Structures are given as structure tokens and as C-alpha cells.
Amino acid sequence: MLLYGVEQATDHQRKLNVPVTITLIQVGMIAIPELDRRMSQMLMRKNIDAAEIDFVTDLVRELSTGESPMSPRNAFAYTLTAMLKQQESGSSTRGIDALLSELRRTKGTDNPRPAYRQTPVSDNDEPVVIDEKKQAQLKHFFLDWVRTYQTNADTESAFRPYIAYLHNEGILIGEDITTAFYKMAIHVAVDSFDQIGQDENASIGTDSLAKLMILIVKNQFVNRGTVPDLARSSYYFRKIITILSYCLIERHMELGEMFDQKPWARIFTSILSELYQLGDQFEPLRRGCLRVLAKVLGLTQPVYAPRFAFGWMSIITHRSFMPQLLFDDVEGSWSDYHKCLMWLLRFAEPVLKLGEMTHSSRSMYKGICRLFCVLVHDFPEFLDEYYHSFCTAIPPNCVQLRNIALSAFPIRDGPLPDPHRGLDRLLPEMQRYPIVRADYAEALEAGGIKAAIDQHVATGRPEIGKIVAELRNRIAVKTMSADGPVITWNRTLLHAAVYYLGTTCIARIGEQTGIVEFNPQSPEVAILAELALNLDGEGALFSPATECQADQTGQYYLLSVVADQLRYPSAHTYFYISFMLYLFVVTSRTEQPNSIPDRIGRVLLERIIVQRPHPFGLLVCFVELMEDQKYGFWRQPFAQAPGELHEIFLRVQKNIVRARDDDMDRRAQKQLNAMNEGEEIEYRNSESLSRYVWVGILIIQALN
């Protein structure tokens, strides 16, 4: 008796009786979802007769548009989809055309186009007044879609009649009404999530909203003629995500401490999942939408919505977002994701630089560290090329995070050589120039600093003292406060100056000689050294009595920036290692006492004593400084002074010797095994761990 009006009656007239079928639906003996599927199967048969088509059209018309409609039009999603397919293929009948035309409220034509493909009205059309009655209607329309999403396994088939229904009602053909519909849908989805709570059905509203958004964007992509319209679909997706972002900000400001980020994060992540499920033929659409999302995420970045910070992090680290943008640098996708990371670091910097963390800030820091670990592991080239801006944004006291960011190296350059071999023996492997995407020119253009440096290198004018004085005044900005003068350090300009002076110097020497080498007589080296000697401020020296104090001086900042350049083997790394060693020797042998040698020791030591990873160039510089007697490291007062500091240096030296001995033993054992087995092997001077094992160790040891 379940489908008496469709298939169970043996008499043909009783089988196709519309009033009897309606009666059986009213008493609950026929379920509309099952009836919809059976009628769609009937329409798809090749031998269907006219009586059966009339029965289907009359039944749908009576149930959906009659004087007393019993169900919404999208309840017959499968049936209407079958009718649309017949109409598009040219095999529909007059009854089907008439019903579809009636549902669209348009005049029938020989080959009418579905209403959901119609072009939206222009901005000059009369605006629609969005009153309370209209808002209730919009809410009803969205709830219809939620029911369709719940009851239909094939939501894409159900979407076609639903979107035709919305166009028929004039919902998606004007800017005002369309925006109002999306806002209402967003608020209904979020409110239902909050009301249901932790129930398994809490995400039905948010998931159905994400599905509807992506289906509409997909429809814009494929239904604009024979050629896919990527520009139009990307524009429409940007519009939807912008509306979603502004709704989030409004709710964030309205609720304050009561703001719940879970439903909003669920909407965004559901959108990402829906984009990921699109077929290969929609790859341009997927990438275009992801790039749009990466840009629009700036509206909801944690600086603007701090209570959405962890939800925002879950979006930019989602498996359907980050890998898709970073797998290939197509049309600037790396730049888009770089902006997302800079927004995250911009938010975290004020909290992290304080030193004392709350539970939430500690969780945020761990999350950022793990994110950078994933980047080192899977996308090292991205992290390598954008390291300059990341180091500018990472607070100086976040040593572990800085080391992770600086440990990335291109896969083509791995595995890394042994850092214990000595700088001179490593020089042949440091002849490559790395690719760096650094926007430093703008910072140096202010005050004509870049032009002055270039002119001095070429002609010797202006004098170094004038250039250094201008740099110092712009890097150490002095202001007056109630407590006296305050120095604010312009770390962006400091990073730009150190990077520009070093990289232009090594590039100029390479062009002149054909090889990478360090020339202490270069004008760029003289400017850097003079800047290090003069860029000092009030603070504590790195001595046994004050070793735990924070030395927030310009010299410490400058040496930290130099240490940021000590990365994988390259021409840049070689220059900055050589400059650090040169500066240590020059300043430690002057008659006038200065704090540069002990601050070099501090900068290097604080990056070595933390857990792995340690950048290759940092290890080379520290080993060279401690092992080569010509630098006189152990003769320095801070290294000889008794106490905890001296013990730390001794332990570090023992670890270096042990690591070098273990490395030599491993090499000898490998050669012995190869000789015993009669194998011919190509000996390589590197026993470094692969990048995958390296990152696995750091994730287990450093972040637990």
C-alpha cells in the first residue's frame, strides 16, 4: 500500500489517479520523498506513455501550486530534475513544458531556458523593501533548503529545482534581496547551531548553508554559456564570503564575551570541504575560490575579531586550504597565503613579546609553532623564500619559532652538509644565491637611505658617518613621555638595512670575481660594522650578574637580524657568518671596551640551547667561533667568568665535540660496511637527517 497511487494497483486507471494518490499522502500511506524518487524513475524510462506524464505533472501541480498546496516545490527535487533534463535534451512534452513554465511564472516558448540561468537584474531596477514579513519569507526559503539537504541524498539534483524556485520568487535577482537572503540564512544557521549545542544535528544548518553557497557558485561557473565563467563565479563567491565576514564581525561586536566561534568556523571549514569535493573539471573554480577566500580572510583576521582567533587559525591550517594554495605557486597563491600568516603573526606579536603567557596565548604559540613545522616539512620552499618578512614579524623572544622558520631549505639543496667541517671547507657548497621574496625597498627609500648607500658604494660619498647617523635616527626613534625619553625600535627598517647591505655586497663581489667570498674592506661591511658600534641603547650587558635581564638594545636587535640570515648553505649565509665572526674579532681586540662580543655570544647561545631544529648556518657560526682559536672565544671575560653561564658554554662545547665524533664514527662504519659487502657507494660529506626525520624529531621533542 506504500505507493498505491503509483505502482501497486493493477488497474491502469486506478494507478494513475491523482485524487486517490493525494488522499493516500494525506493519511500517511505514501511518503513524498519516496514518491518523488519513483516518479523521477518513471520519467526517465524510454517507454513512458502520455498518461503517465500527465499523472506526474498533474500531481506535482496539485501538491505544489494548487489551492491548498501540501508540500513545497522543492519536495519534488528528483522529479523536477528529470523534467529539466528532458527539456534540455529536447524530449519533453507539452505537459512538462507547461508545468515548468507555470512554476517559473513565465510564458512558454519552444525551448525555454531554466529560470535559475536568467541574468540578474541590474542595479537600476526598483529595490525590494526588506520588512519583517519579507525576512520571515526569506527564513522560510532557507529552512526549505535545510529540509531538502536533510531528506535528499543527492543534494545536487535537488538543487536545480530549488534554485529555480528561488528565482521564481525573485530572491536571487537583485542585490538587496540577495544580500538579505544570505544574511538571514547565515544567522539562522548560526542560531540553530547555538540552540542545538553539542547534538549531532547541530551542524545541519551550517553544513547545508555551505553546500548551498558552493552549489550557487558552481552554477554560476557552468551555466553562463559554453565557456566556463571563472571571473563571474569568483566575483559571486567573493560577494558571499564578504557577506559572511561582515555578519561575523557584527555578531562579534554585538555579543562581546558571549561570542561563540564554533558555528562560524564550521561554516568556513564546510565551505572548504565542499570546494575540495568538486571534480577535476572544476579545478580552476576551486583555486579561484581559495584565492578569493585567502584575500577576504583579512576582514576577519584576529586583530579585528580576537574571539575568532582559534577558529580563524583552523581555517588557514585546514587540509583543504593550505596545501591547495602552497602545492604550486599558481597566479600568486603563495603570496595570498603569506598574507594570512603575516596577519596571524601581527595579532600574536603583542601577546608573545610580553614573555608571560596565559593559557590561551600559550595555546596560540604552540599552534603557530606546529603550523611552521608543517611548512618546514611539506612546503620548505615557501618558508624559505618568505623568511625575511616572517622574521620581521616574529618577536625577538620567540627563539624556538624563529629557529623553525630559519631551518627550512629547498629540497633540491638537501641533504645538508656536516656543519662541523669548518667554514673554509664548506665554501664550495655555499656558492648559490637563494631566492628571497623580501619587500625591503620601501623601508629604505624613506629619507633617501637606499640612494645614499648606493652612492657611497659607487663613489665613497656621502661619508659613512652620515649614513649611519641617518639610519640610527630612523631605527632608534626617540620620543618624550611623562617618564622621560623613550626609544622605539623600527625593526622593519633594521631588517631591511641589514639585508640590503649584506646581499648587495656579496652579489657585487660575485659579479666582479666570479666566486662568493667575504671582503672585510667592502664599503657595505664598513657601514654594517659602524652601525653595530653606534646602534646602542640603555640596557644591561650580558654578564654573570645580569645574564637573566632583558637587554633590549639596538645592538642586540642588529645582531639578531644578522643571525636571522644564518640559514642553509648559500652565498647569503656565508657572508653573514663571515661578518659575524669578523665583527667578533674586531670588537674583541679594540682597546676601547664594548659589549658586542658578549652580545654576539648571547644571540648565538640563546638560539643553540633551545631544542631542535637549529638552522645550519647558526651551527656553523657557533662551532667556528668556539673551535677556532684565532677568534679567542674562550679568552673573553663572559666565557671565563665562573658561574652558570660558563657551565652552559662548556656543556654546549661537549655536545658539539660529541656530535662531531658520532658523525665521524657513522661515516667510518658506513665505509666499513660497504667494503665488507663489496658494494660501491658514493661517499657524501653529509650525514644530516632528512628533512622529514628532522621535523618529526622536532615535533615530538620540542612541541610536546
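Two strands are taken as paired if DSSP finds at least two bridges between them. In the predicted model described here, strand β1 (residues 476–481) and strand β2 (residues 484–489) run antiparallel and are joined by six bridges. Two residues lie between β1 and β2, and the two strands form a hairpin. Within this pairing, K478 has I487 of β2 as its bridge partner, while A476 is bridged to W489 of β2.

A search of the whole structure returns 28 aromatic pairs. In one of them, the ring centres of F518 and Y582 are 6.0 Å apart and the ring planes are at 55°, so the pair is classed as tilted. F518 belongs to the loop between α26 (491–513) and α27 (523–534), whereas Y582 belongs to helix α29 (residues 571–588); the pair therefore ties together parts that are 64 residues apart in sequence. The two residues can also be described by their accessibility. F518 has a relative accessible area of 17% and is buried, because the limit for that class is under 20%. Y582, with a relative accessible area of 26%, is partly exposed.

A further pair is formed by F633 and W634, whose ring centres are 5.3 Å apart; the planes are at 90°, so this pair is edge-to-face. Both F633 and W634 are buried. Aromatic residues are also grouped in a cluster, which consists of F321, W334, Y337, F372, F382, Y386 and F390.

Arginine side chains are placed over aromatic rings at two sites described here. R567 lies over the face of Y387, at 3.5 Å from the ring centre. R602 takes up a position over the face of Y556, at 4.1 Å from the centre of that ring.

Rolling a probe the size of a water molecule over the atoms shows where empty space is left. Five cavities of 30 Å³ or more are found in the structure. The volume of the second largest cavity is about 70 Å³. Its lining is made up of C391, P396, R402, R491, L494, H495, Y557, S560, V561 and D564. By residue class, this lining divides into five nonpolar, two polar and three charged residues. Helices α26 and α28 (554–564) each supply at least two residues of the lining of the second largest cavity. The greatest contribution to this lining comes from α28, which gives four residues.

R402, one of the residues lining the second largest cavity, is also among the buried residues of α21. Helix α21 (residues 399–406) is mostly covered, with eight of its eight residues buried. The buried residues of α21 are V399, Q400, L401, R402, N403, I404, A405 and L406.

The bond from R461 to P462 is cis, with omega near -5°. P462 is located in the loop between α24 (449–459) and α25 (464–475). The bond from R612 to P613 is likewise cis, with omega near 5°. P613 is placed in the loop between α30 (596–608) and α31 (616–627).

Contacts between residues separated along the chain were considered last. I32 is part of helix α4 (residues 32–44) and is buried, with a relative accessible area of 18%. Along the chain, I32 and F76 are 44 residues apart, and their C-alpha atoms are separated by 7.8 Å. P637 is part of helix α32 (residues 637–640). P637 has a relative accessible area of 61% and is exposed, because the limit for that class is over 50%. P637 and D598 are 39 residues apart in sequence, with a C-alpha to C-alpha distance of 8.4 Å in space.

Definitions and conventions
Residues are numbered from 1 along each chain as its sequence is written. This is a predicted model: local features need pLDDT of at least 70, side-chain atom pairs count only at pLDDT 80 or more; totals for chains, interfaces and linings use all residues. Side-chain values use heavy atoms; hydrogens and water are left out. Rings of Phe, Tyr and Trp (its six-membered ring) pair if their centres lie within 6.5 Å; planes under 30 degrees apart count as stacked, over 60 as edge-to-face and the rest as tilted. Buried means under 20% relative accessible area, exposed over 50%, partly exposed in between (1.4 Å probe, protein chains only). A charge sits over a ring if NZ of Lys or CZ of Arg is within 6 Å of the ring centre and within 35 degrees of the ring normal. On a 1 Å grid over the protein atoms alone, a cavity is a set of points where a 1.4 Å probe fits but cannot get out, and a pocket is an open set with protein on both sides within 12 Å along at least five of seven lines; lining residues have an atom within 4 Å of a point. Grid points are joined across faces, edges and corners, and a volume is the space filled by probe spheres set on the points. Ala, Val, Leu, Ile, Met, Phe, Trp, Tyr, Cys and Pro count as nonpolar, Asp, Glu, Lys and Arg as charged, and the others, Gly among them, as polar.
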